[in-house]
Amino acid sequence: MNTINYSKNLALATVAALGVASLAIGAHADESVVPVAARTIHYSDLDLNTQAGAEVLYKRIRHAADQVCGDVHSRRLGEATAARTCVDQAVVASIRAVNNPRLTNTYNAHFGVAQTTLSVASVR
């Protein structure tokens with residue numbers, strides 16, 4: 001059953017990354033057709049129930065987004081901004097597609113997002 005979930009999540013992560021990358025690239029396209037680069041991220045070899053597995057997958061997603069989206073260090077401000085936006089959106093979309101709490105927490109930790117726990121009490 002885990003193999004089915006991994007395959008489904010892999011397909012979703014790939015589609016999400018492709019969609020975001022194509023939007024970012026398409027926004028800067030002339031009237032010519034712009035080919036959209038894509039990377040498939042394999043993670044069936046990882047245990048996403050461990051912090052180490054989530055960290056490796058996060059790095060794979062980030063690396064693939066960096067490769068697909070272009071030069072975030074370009075001297076052309078518009079290109080650098082578009083590339084950073086593309087990377088950010090591709091990473092977020094891919095992490096959402098995988099839908100794993102540990103991976104989400106890993107992403108949040110890289111951006112200094114505080115993790116909070118919500119306790120709900122009820123009175124009967």
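**Exercise 1. The end of a helix**

Solution. Two reading notes come before the steps. This is a predicted model, in which local features need pLDDT of at least 70 and side-chain atom pairs count only at pLDDT 80 or more, while totals for chains, interfaces and linings use all residues. Residues are numbered from 1 along each chain as its sequence is written, and side-chain values use heavy atoms, with hydrogens and water left out.

Step 1. Helices are DSSP runs of H or I with at least four residues, strands are runs of E with at least two, and both are numbered from the N terminus. H4 covers residues 101-110.
Step 2. Gly 112 follows H4, and its phi is positive, near 70°.
Step 3. Now go to the other end: Asn 100 caps the N-terminal end of H4, with a side-chain oxygen 2.9 Å from the backbone nitrogen of Arg 102. A polar contact is a pair of N or O atoms within 3.5 Å; within protein, one must be able to donate a hydrogen and the other to accept it, and residues adjacent in sequence count only if both atoms are side-chain atoms.

**Exercise 2. The chain as a whole**

Describe the secondary structure and the burial of the protein chain.

Solution. 
Step 1. The protein chain has 4 helices and 0 strands, giving the pattern α-α-α-α along the sequence.
Step 2. Of its 124 residues, 33% are buried. Buried means under 20% relative accessible area, exposed over 50%, and partly exposed in between, with a 1.4 Å probe and protein chains only.
Step 3. For contacts (heavy atoms within 4.5 Å), consider residues at least 6 apart in sequence: 61% of these contacts join residues at least 24 apart.

**Exercise 3. The disulfide**

Find the disulfide and work out which parts of the chain it joins.

Solution. 
Step 1. A disulfide is a pair of cysteine sulfur atoms within 2.5 Å. The structure holds 1 disulfide, and it joins Cys 69 to Cys 86 with an S to S distance of 2.0 Å.
Step 2. Cys 69 lies in helix H2 (residues 51-69) and Cys 86 in helix H3 (residues 77-98), so the bond ties together parts 17 residues apart in sequence.
Step 3. The torsion about the S-S bond is about -60°, so this disulfide is left-handed. Both Cys 69 and Cys 86 are buried.
Step 4. Look also at Ser 74, in the loop between H2 and H3. Ser 74 counts as buried at 16% relative accessibility, and a polar atom of its side chain lies 3.1 Å from the backbone nitrogen of Arg 76. Leaving out residues up to four places away in sequence, Ser 74 touches Glu 79 and Ala 80.

**Exercise 4. An aromatic pair**

Locate the aromatic pair and describe its geometry.

Solution. 
Step 1. Rings of Phe, Tyr and Trp (its six-membered ring) pair if their centres lie within 6.5 Å; planes under 30 degrees apart count as stacked, over 60 as edge-to-face and the rest as tilted.
Step 2. The whole structure has 1 aromatic pair. Tyr 58 and Tyr 107 form this tilted pair, 6.3 Å centre to centre with 55° between the planes.
Step 3. Tyr 58 is in helix H2 and Tyr 107 in helix H4, so the pair ties together parts 49 residues apart in sequence. Both Tyr 58 and Tyr 107 are buried.
Step 4. Glu 55 is also in helix H2, where it counts as partly exposed at 22% relative accessibility. Glu 55 touches Thr 106 and His 110, not counting residues up to four places away in sequence. The C-alpha atoms of Glu 55 and Tyr 107 are 8.5 Å apart.
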